[in-house]
Structure formats: structure tokens, C-alpha cells
Amino acid sequence: MADMTETTPGWLAPDELELTRARMPILYVDAVPVRIDDSGEVTHIGLLLRIGPDGTVSRALVSGRVLHHERVRDALLRHLEKDLGPVALPRIPASLQPFTVAEYFPTQGITPYHDPRQHAVSLAYVVPVAGDCRPRQDALDLVWFTPQEASSPQVQQEMPGGQGVLLKQALAHVGCLS
């Protein structure tokens with residue numbers, strides 16, 4: 001029997017990932033894509049439209065795992081390109097200080113964030129994008145909302161797992177919530 005060698009560094013086989021998720025927290029990045037005006041004020045927030053494994057339609061932030069031996073900056077860029085396309089032109093902050101750290105638990109109610117698959121720790125960033133965004137991978141669409149629209153109860157209800165809470169924290173961080 002031939003040995004199977006993983007050719008993509010940092011990736012785990014599905015069964016290895018499941019075992020790891022059951023035993024330890026996994027590091028993620030969350031990115032809130034925004035459009036800004038000439039004075040640096042946030043004018044729009046981009047939210048992905050996705051269909052979940054159970055067939056439900058929801059809105060989501062750009063999010064994904066940080067791979068073994070991958071810098072956080074590189075993980076942010078990789079996930080922004082994966083979800084928004086290669087010409088989104090994200091401007092990763094010079095300082096990688098997140099606006100918050102979100103802890104997702106498989107048990108609901110410990111924090112506002114819930115992920116039934118795992119305990120995950122996510123570094124969350126607001127990232128201005130200047131280019132043409134065309135959703136890819138499992139995203140159906142990207143819709144730009146004003147800060148007022150994004151913080152509305154209707155949009156918040158469409159964001160599972162506490163991502164609506166995370167979005168409101170991002171809006172407060174950039175001065176868009178009073």
C-alpha cells in the first residue's frame with residue numbers, strides 16, 4: 001500500500017480535523033469588508049450571502065481558519081481573496097491588532113458566538129476593500145449595506161452563530177453606531 005502524503009502544508013485530512021476540533025480550540029480570522037470615503041469614514045459594509053449545509057440562506061462575514069505556519073496577515077488575505085475575488089484589493093491594516101477576539105463554543109450561551117462543530121478563537125478585523133468584489137467559493141453573492149442597514153434587526157437575524165453581534169461590534173469600533 002502506498003503512503004499518502006499531504007501536499008498542501010497546513011491542511012488536515014477531514015477525519016484529523018474532526019478529531020482536532022473535538023480536542024482543542026482552532027484559530028480563525030473574521031473580516032468585515034467595508035467601503036470607505038475619502039475621509040476614511042465607513043460608508044458600506046459587505047456581507048456574503050451563503051447557503052448552509054442544511055439549506056438555510058444566511059448572511060456572513062469573511063471567515064476562515066489560520067493554517068499551521070501561516071501568518072495572520074496571510075490568512076486574512078487568503079480568505080478575503082477566496083470569498084471576494086482576486087481584484088477586491090483589500091487593505092490589511094499595518095497593525096494587526098484585532099478590534100475584538102471572538103470565542104465560538106459548541107455549547108450555546110457561553111458567549112454570544114456559537115459554532116456547533118468546535119471551540120474556535122477568532123481574531124476579528126475591519127478591512128477596507130477598494131476593488132471589484134465578486135464572491136467565489138460557496139458564497140452566492142456579496143451585498144453592500146449602509147451601516148444603518150447592517151445594524152438593523154432584519155440583517156442581524158440573518159447572521160447565525162453570533163456574527164450579527166460581531167458585526168455590531170465592528171460598526172461600533174469604526175464609529176458607526178451611536
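In these legends, a residue is buried if its relative accessible area is under 20%, exposed if over 50%, and partly exposed in between, with a 1.4 Å probe and protein chains only. The structure is a predicted model: local features need pLDDT of at least 70, side-chain atom pairs count only at pLDDT 80 or more, and totals for chains, interfaces and linings use all residues. Residues are numbered from 1 along each chain as its sequence is written, and side-chain values use heavy atoms, with hydrogens and water left out.

**View A. L77 in helix α2.** Helices (H or I, at least four residues) and strands (E, at least two) are DSSP runs, numbered from the N terminus. L77 counts as partly exposed because its relative accessibility is 36%. Apart from neighbours within four places in sequence, L77 is in contact (heavy atoms within 4.5 Å) with P90 and I92. The C-alpha atom of L77 is separated by 25 Å from that of M24, and the two residues are 53 apart along the chain.

**View B. The largest pocket and its lining.** A pocket is found on a 1 Å grid over the protein atoms alone, as an open set of points where a 1.4 Å probe fits, with protein on both sides within 12 Å along at least five of seven lines; lining residues have an atom within 4 Å of a point. The space in the largest pocket amounts to about 1,100 Å³, where the volume is that filled by probe spheres set on the points, which are joined across faces, edges and corners. Its lining consists of 35 residues, and those nearest the centre are R50, D115, R117, D138 and Q163. At least two lining residues come from each of β1 (26–36), β2 (42–51), β3 (57–60), β4 (62–65) and α2 (72–84). β3 supplies the largest share, with 4 residues. Sorted by class, the lining holds 12 nonpolar, 11 polar and 12 charged residues; Ala, Val, Leu, Ile, Met, Phe, Trp, Tyr, Cys and Pro count as nonpolar, Asp, Glu, Lys and Arg as charged, and the others, including Gly, as polar.

**View C. The hairpin of β2 and β3.** Two strands pair if DSSP finds at least two bridges between them. β2 and β3 run antiparallel and are joined by 4 bridges. R50, one of the residues nearest the centre of the largest pocket, stands opposite S58 in β3. Between the strands of this hairpin lie 5 residues, and G55 takes a positive phi near 90°.

View D. L48 counts as buried because its relative accessibility is 1%. Leaving out residues up to four places away in sequence, L48 touches residues including S58, R59, A60, L61 and V62, as well as D83, L84 and P135. Although L48 and H119 lie 71 residues apart along the chain, their C-alpha atoms are separated by 23 Å.

**View E. Loops on either side of α2.** Most residues other than glycine have a negative phi. H69, which is not a glycine, has a positive phi of about 70°. H69 lies in the loop between β4 and α2 and counts as exposed because its relative accessibility is 79%. E70 is found in that loop too, but E70 counts as buried because its relative accessibility is 19%. The side chain of E70 makes a polar contact with the side chain of R78 (2.8 Å); such a contact is a pair of N or O atoms within 3.5 Å, where within protein one must be able to donate a hydrogen and the other to accept it, and residues adjacent in sequence count only if both atoms are side-chain atoms. Besides residues up to four places away in sequence, E70 touches R65, A75 and R78. In the loop between α2 and β5 (100–104), L89 has a positive phi of about 55° although it is not a glycine.

**View F. Strand β6 and its partners, β1 and β5.** Of the 9 residues of β6, 8 are buried. β6 pairs with β1 in the parallel sense over 9 bridges, and V29 has L123 of β6 as its bridge partner. With β5, β6 pairs in the antiparallel sense over 5 bridges, and E103 stands opposite V121 in β6.

**View G. S122 within β6 (residues 120–128).** S122 counts as buried because its relative accessibility is 0%. Its side chain makes a polar contact with the side chain of D30 (2.7 Å). Beyond neighbours within four places in sequence, the residues in contact with S122 are Y28, V29, D30, T100, V101, A102 and Y104.
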